[in-house]
Amino acid sequence: MRTTLNESVSTGSPSARTRKRGTKVRRQRVRAAWTYLAPMLVALALVAGWPLLRTFYLSLTDASLSDTTGAAFIGFENYLVKDDGVWYGLLADPVWWNSVWNTVYFSVISVSLEVVFGIIVALLLNAEFKGRMLVRAAVLIPWAIPTIVSAKMWAWMLNDQFGIINHLLMGLGLIDAPLAWTADADLSMWAVIMVDVWKTIPFVALLVLAALQMLPKDCYEAAEVDGIHPVKVFFRVTLPLITPALLVAVIFRLLDALRVFDVIYVLTSNSSSTMTMSIYARQQLVEFQDVGYGSAASTMLFLIIALAVVVYLYLGRRQLGVEK
């Protein structure tokens, strides 16, 4: 028996040889993947990595827009410093924290609405009806329009003097006087959320529709035979199966929402009620010409987005049951 075991160990059992071949193939695939990814990673390091490091370095200096070469190193004073018992710097600036809150609020509300309406639109487009291809093409129009163009278009429609939105609402008797959608602090945030949701619903709907097209039909046929209500079928069958596509849609939209700039800047400029982290950083860099302080804001923006993405991906992997 001992001789047989020794021979088995020396020659290798079929299962051991299979595992060894599988491990070898896996290593070859990993090496091939890194080989193909290497040029992109090098380009990414040059295009994104160097500017990021440069921004972080400038955030540790007192650089101004008129003189970035003669800046003095001041450490983390742009972030937080105590002078005569009073805290100064980015982390002590209430305007910065207001922009952080505005960004988070905008991101959560807009992405949530986009997911809900995106799923509804995708379910409608997945149904069989005449002219479905034409409707699918029409739904993509808001997403195809450049953000600056769509924001400017909505700025005219939301104008309190000659905007068509107020004209329609007054014609329907819903309001008595024109509303300053982009100037009123109570309405401006909801105005930019509405415009952002209108533009990006097609993106979410497109990803969800692609997932719906791949679902097996036998599950729905069995549910129909058993007389299960369509709402219960959606929550028990459809939603779990399209969750991976939803996670992809949310991560892309979350990245866009956290760094949103164009649509809000066109509609409300530097208004404190809608100022996001990107607009705050731009204001410090360009208008106040404080490169060091603006770079600190940009660095914090990057760190907040990176943290949000890492947490979201971790929770998404756990939701899908993906092991390390």
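Helices (H or I, at least four residues) and strands (E, at least two) in these legends are DSSP runs, numbered from the N terminus. The model is predicted, so local features need pLDDT of at least 70 and side-chain atom pairs count only at pLDDT 80 or more, while totals for chains, interfaces and linings use all residues. Residues are numbered from 1 along each chain as its sequence is written, and side-chain values use heavy atoms, with hydrogens and water left out.

**View 1. Annotated spans seen along the chain.**
Let's start with what the record says. The unreviewed UniProt entry marks residues 33-53, 104-125, 137-158, 190-213, 233-255 and 293-315 as "transmembrane region". Its "domain: ABC transmembrane type-1" annotation covers residues 100-314. UniProt positions follow the numbering used here, feature names are shortened, and annotations may be inferred rather than shown by experiment. In the model, residues 104-125 are 100% helix and 0% strand, with end C-alpha atoms 31 Å apart. Residues 233-255 are likewise 100% helix and 0% strand, and 31 Å separates their end C-alpha atoms.

**View 2. Helix H3 and its start at Asp93.**
Helix H3 takes in residues 94-126, 33 residues in total. From its first C-alpha to its last, H3 reaches 47 Å, close to the 48 Å expected at 1.5 Å a residue; the expected span is 1.5 Å times one less than the number of residues. Look to the start of H3 for a side-chain oxygen of Asp93, which comes to within 3.0 Å of the backbone nitrogen of Val95.

**View 3. A buried salt bridge between Arg253 and Glu114.**
A salt bridge here is a side-chain nitrogen of Lys or Arg within 4 Å of a carboxyl oxygen of Asp or Glu. Side chains of opposite charge can pair when their charged atoms come close. In this pair, the closest N and O atoms of Arg253 and Glu114 are 2.7 Å apart. The bridge links distant parts of the chain: Arg253 sits in helix H10 (residues 230-258) and Glu114 in helix H3, 139 residues apart. Both residues are buried, a label for under 20% relative accessible area, with exposed meaning over 50% and partly exposed in between (1.4 Å probe, protein chains only).

**View 4. Further salt bridges, including Arg282 with Glu287.**
How many salt bridges does a search of the whole structure find? There are six. One of them joins Glu128 and Arg132, at 3.5 Å from N to O. Arg282 is partly exposed at 23%, and Glu287 is partly exposed at 38%. Elsewhere, salt bridges that share partners join Glu114, Asp196, Arg253, Asp256 and Arg259 into one network.

**View 5. A nonpolar surface patch that includes Leu41.**
Val30, Trp34, Leu37, Met40, Leu41 and Leu44 make up this patch, with about 570 Å² of accessible area together. Areas come from the Shrake-Rupley method with a 1.4 Å probe, and for residues only the protein chains shown count as cover. Patches are made of residues with over 30% relative accessible area and no salt bridge; nonpolar side chains (Val, Leu, Ile, Met, Phe, Trp, Tyr) are joined within 5 Å, and like charges within 9 Å. Leu41 belongs to helix H2 (residues 14-58) and is partly exposed, at 34% relative accessible area. Leu53 also lies in H2, where it counts as exposed at 56%. Between Leu53 and Val208 there are 37 Å in space, C-alpha to C-alpha, and 155 residues in sequence.

**View 6. Loop residues Asp84, Ser269 and Ile175.**
Asp84 is in the loop between strand S1 (81-83) and strand S2 (86-88). Its phi is near 55°, a positive value in a residue other than glycine. Is Asp84 buried or exposed? At 74% relative accessibility, Asp84 counts as exposed. Ser269, in the loop between helix H11 (262-268) and helix H12 (277-287), has a positive phi of about 55° although it is not a glycine. Ser269 is partly exposed, at 33%. Ile175 lies in the loop between helix H7 (164-171) and helix H8 (188-213), and counts as buried at 16% relative accessibility. Ile175 and Ala191 are 16 residues apart in sequence, and their C-alpha atoms are 16 Å apart in space.

Methods
A polar contact is a pair of N or O atoms within 3.5 Å; within protein, one must be able to donate a hydrogen and the other to accept it, and residues adjacent in sequence count only if both atoms are side-chain atoms.
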